[in-house]
Amino acid sequence: MLEGGVFLQTMDTWKDFILAEDITAGNAAELYFEEENMDAYCRHLESSDITYVHDLHEHAWGQHVIRFYDPEGHIIEVGEQMRAVVMRFMHSGLSAEQTAQRMDVPEAYIRSLMQE
């Protein structure tokens, strides 16, 4: 993590996350944004002519993400806010401890997100 919230990631680990084999030099980077309500956001995207890298996907820790190309071919990732992930699990009936286990994070992290 760099100052200002910029993250760098190796190409190998990025390819594991991006769910795409064919990444060219022109779009071998992405911009990442977070969204609280992924269902509403995905419905909004349906009204646009968008080329998707992949449809809505759930990472192992439970976060929903979607990736698509901007008009110039850059990859845009929109991920569910982590607090929204926690609240989704809590509303499904999981306890804070169970949510921490499900997401493979410390329970203190879960409780801190619940306080926001």
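**A buried glutamine**

Tutor: Let's begin with Gln-63, which is buried, with a relative accessible area of 6%. Keep in mind that this is a predicted model.

Student: Okay! Where is Gln-63 in the chain?
Tutor: Gln-63 sits in the loop between strand 2 and strand 3.

Student: And which side chain does the side chain of Gln-63 make a polar contact with?
Tutor: That of Tyr-32, at 3.0 Å.

Student: What else does Gln-63 touch?
Tutor: Leaving out residues up to four places away in sequence, Gln-63 touches a list of residues including Glu-34, His-57, Gly-79, Met-82 and Arg-88.

Student: Let me zoom out. How many helices and strands does the chain have?
Tutor: There are five helices and four strands. Along the sequence, they come in the pattern α-β-α-β-β-β-α-α-α.

Student: And how much of the chain is buried?
Tutor: Of the 116 residues, 31% are buried. The chain exposes about 7600 Å², and carbon and sulfur atoms supply 52% of that area.

Student: Now helix 2. Which of its residues are buried?
Tutor: Helix 2 covers residues 38-46, and its buried residues are Met-38, Tyr-41, Cys-42 and Leu-45. Looking down the axis of helix 2, you find these within an arc of 100°, so they line one face of the helix.

Student: Why do residues three or four places apart point the same way in an α-helix?
Tutor: An α-helix has 3.6 residues a turn, so residues with that spacing point the same way.

Student: Nice. What covers the buried residues of helix 2?
Tutor: The cover includes strand 1 (30-35), strand 2 (52-58), strand 3 (64-69) and strand 4 (75-80).

Student: And which exposed residues are on the face turned away from the buried side?
Tutor: On that face, helix 2 carries Arg-43 and Glu-46.

Student: What caps the N-terminal end of helix 2?
Tutor: Asn-37 does: one of its side-chain oxygens lies 3.3 Å from the backbone nitrogen of Asp-39.

Student: Which residues is Thr-99 in contact with?
Tutor: Setting aside neighbours within four places in sequence, Thr-99 is in contact with Val-86, Phe-89, Met-90, Leu-94 and Ile-110.

Technical notes
Residues are numbered from 1 along each chain as its sequence is written. This is a predicted model: local features need pLDDT of at least 70, side-chain atom pairs count only at pLDDT 80 or more; totals for chains, interfaces and linings use all residues. Side-chain values use heavy atoms; hydrogens and water are left out. Buried means under 20% relative accessible area, exposed over 50%, partly exposed in between (1.4 Å probe, protein chains only). Helices (H or I, at least four residues) and strands (E, at least two) are DSSP runs, numbered from the N terminus. The arc is that of the directions from the helix axis to the C-beta atoms. Contact means heavy atoms within 4.5 Å. A polar contact is a pair of N or O atoms within 3.5 Å; within protein, one must be able to donate a hydrogen and the other to accept it, and residues adjacent in sequence count only if both atoms are side-chain atoms. Accessible areas come from the Shrake-Rupley method with a 1.4 Å probe; for residues, only the protein chains shown count as cover.
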